[in-house]
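Here are a few friendly notes to read alongside the model. Please keep the 3D view open as you go.

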Amino acid sequence: FPALRRIVLAGHSGGAVLVQQFAVLNRFDEKVRAAGIEIRYVVANSSAFLYFTDQRPRGYGFAAYDAALCPTYNDHRCGFNRIARYAIEDRPAEAFRRYMARDVYYLFGADDVDPNHSALDKSCPALAQGRHRL
């Protein structure tokens, strides 16, 4: 595709989980941009996020999460413990550095706050991120 100038990867809800993780963990973004092709990630109303630290939302900020409440809260999909084999060499700080150089957009619906919605990830690690992730 010699005329290709831009790639946009977009996902909503569960698809947004995949797009955010791909934006964090892929190893070809820089090569694509070096070839003159823009690459953008759009994460819309994700039902969970990949966190770079052991902190999770608490009150109006973030604090270290009590692992006794959910021992798997920082496992892969929501954190860097037990990360997927393809990302095993990634360290959170290095992944964060790469991620911050990428073109990532987050979209949130102001009314997307139903903690009982059938599409919302209600696993223990996702719930450590808040009742509805907004």
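This is a predicted model: local features need pLDDT of at least 70, side-chain atom pairs count only at pLDDT 80 or more; totals for chains, interfaces and linings use all residues.

1. Residues are numbered from 1 along each chain as its sequence is written, and side-chain values use heavy atoms, leaving out hydrogens and water.

2. Start with helix 1 (residues 14-25) and helix 3 (residues 92-100), whose axes lie 7 Å apart and meet at an angle of about 105°. Helix 1 is therefore roughly perpendicular to helix 3 (the word covers angles of 65 to 115 degrees).

3. Now look at who touches whom: helix 1 brings Q20, A23, V24 and L25, and helix 3 brings A95, R98 and Y99 (contact means heavy atoms within 4.5 Å). By class, this contact has five nonpolar, one polar and one charged residues.

4. Next, find the largest pocket, which holds about 250 Å³ of space. Of its 14 lining residues, Y51, P57, Q129, R133 and L134 lie nearest the centre (on a 1 Å grid, a pocket is an open set of points where a 1.4 Å probe fits, with protein on both sides within 12 Å along at least five of seven lines, and lining residues have an atom within 4 Å of a point). Its lining has seven nonpolar, five polar and two charged residues.

5. The second largest pocket holds about 180 Å³.

Definitions and conventions: Axes are lines fitted to C-alpha atoms, for helices over the stretch in contact, and angles run from 0 to 180 degrees between N-to-C directions. Helices (H or I, at least four residues) and strands (E, at least two) are DSSP runs, numbered from the N terminus. Angles under 35 degrees count as roughly parallel, over 145 as roughly antiparallel, 65 to 115 as roughly perpendicular and the rest as oblique. Ala, Val, Leu, Ile, Met, Phe, Trp, Tyr, Cys and Pro count as nonpolar, Asp, Glu, Lys and Arg as charged, and the others, Gly among them, as polar. Grid points are joined across faces, edges and corners, and a volume is the space filled by probe spheres set on the points.
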